[in-house]
Amino acid sequence: MFIETETTPNPASLKFLPGQQVMAQGTREFASPEAAEASPLAQAIFDTGEVVNVFFGGDFVTVTVAPGASWSDLKPQVLAILLDHFVAQAPLFTPGSAGGIAVPPEDEGMLVEEREEDGDIIAQINELLETRVRPAVAGDGGDIQYRGYRDGVVHLQMQGACSGCPSSTATLKHGIEGLLKHYVPEVVEVRAA
């Protein structure tokens with residue numbers, strides 16, 4: 001098995017491509033060792049001691065190192081962990097029961113209270129995010145989450161390599177904001193959540 005690596009716009013993040021599916025649906029971000037306890041793979045990567053974020057995408061794993069950490073020392077360790085995991089076909093998440101899991105309401109996590117009359121605008125925004133923005137952001141080792149729309153302002157949250165990237169503000173302001181304003185004239189601004 002061969003695992004490719006790609007750089008990302010965030011110098012602290014590397015994108016690892018195992019050549020097979022990582023997540024069947026959606027994405028998952030682990031921003032702390034405590035959060036990583038849900039995944040043996042994420043936990044093993046955090047156990048290297050130099051990692052501050054692990055992100056699972058459809059066919060990639062993005063790892064972000066702490067400020068001052070060296071990829072030259074850490075990259076072989078992460079590659080070995082990923083190789084062991086995928087060759088063994090180990091489970092991505094720790095098995096358990098769903099007894100302690102609560103399903104949050106749909107509007108939980110929204111930064112603003114959305115209005116029903118904005119439904120068409122919100123649908124257009126989400127369509128553009130799904131078809132044009134998310135694939136591009138995934139190419140850079142991250143993801144983006146919609147966090148609300150009100151009074152012309154779209155709230156978005158960057159994840160994975162994009163969450164701490166020095167160019168994420170430019171991506172939001174110049175790339176995503178320009179795209180949304182062009183196709184959805186009601187949008188006047190995009191803000192990071």
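Predicted model: local features only at pLDDT ≥ 70, side-chain atom pairs only at ≥ 80, totals over all residues.

Visitor: How do you know that the span of helix 3 agrees with its number of residues?

Guide: Helix 3 covers residues 119-139, and its 21 residues should span 30 Å at 1.5 Å a residue. The end C-alpha atoms are 29 Å apart, so the two values agree.

Visitor: Where in helix 3 is there a kink?

Guide: The kink lies at Val133, shortly before the proline Pro135, and is about 45°. That angle is the bend between axes fitted to the seven residues ending at a residue and the seven starting there. Just after helix 3 comes Gly141, with a positive phi of about 85°.

Visitor: Why are some residues of helix 3 called buried?

Guide: Buried means under 20% relative accessible area, so residues called buried fall below that cut-off. In helix 3 they are Ile121, Ile122, Ile125, Leu128, Leu129, Val133 and Val137. Their cover includes strand 6 (142-150), strand 7 (153-160) and helix 4 (168-183).

Visitor: What makes a set of residues a nonpolar core?

Guide: Its members are buried nonpolar residues joined through side-chain atoms within 4.5 Å. The largest such core here has 24 residues, and Ile45, Val54, Phe56 and Leu82 have the most contacts inside it. Helix 2 gives the most to this core, six residues.

Visitor: Which residues belong to another core?

Guide: Another core, of 21 residues, lies apart from that one; among its residues are Val133, Tyr149, Val154 and Leu180.

Conventions. Residues numbered from 1 in each chain as written. Heavy atoms only, no water. Helix = DSSP H or I, 4+ residues; strand = E, 2+ residues; numbered from the N terminus. Expected span 1.5 Å × (residues − 1). Buried < 20%, exposed > 50% of the residue type's maximum accessible area, 1.4 Å probe, protein only. Contact = heavy atoms within 4.5 Å.
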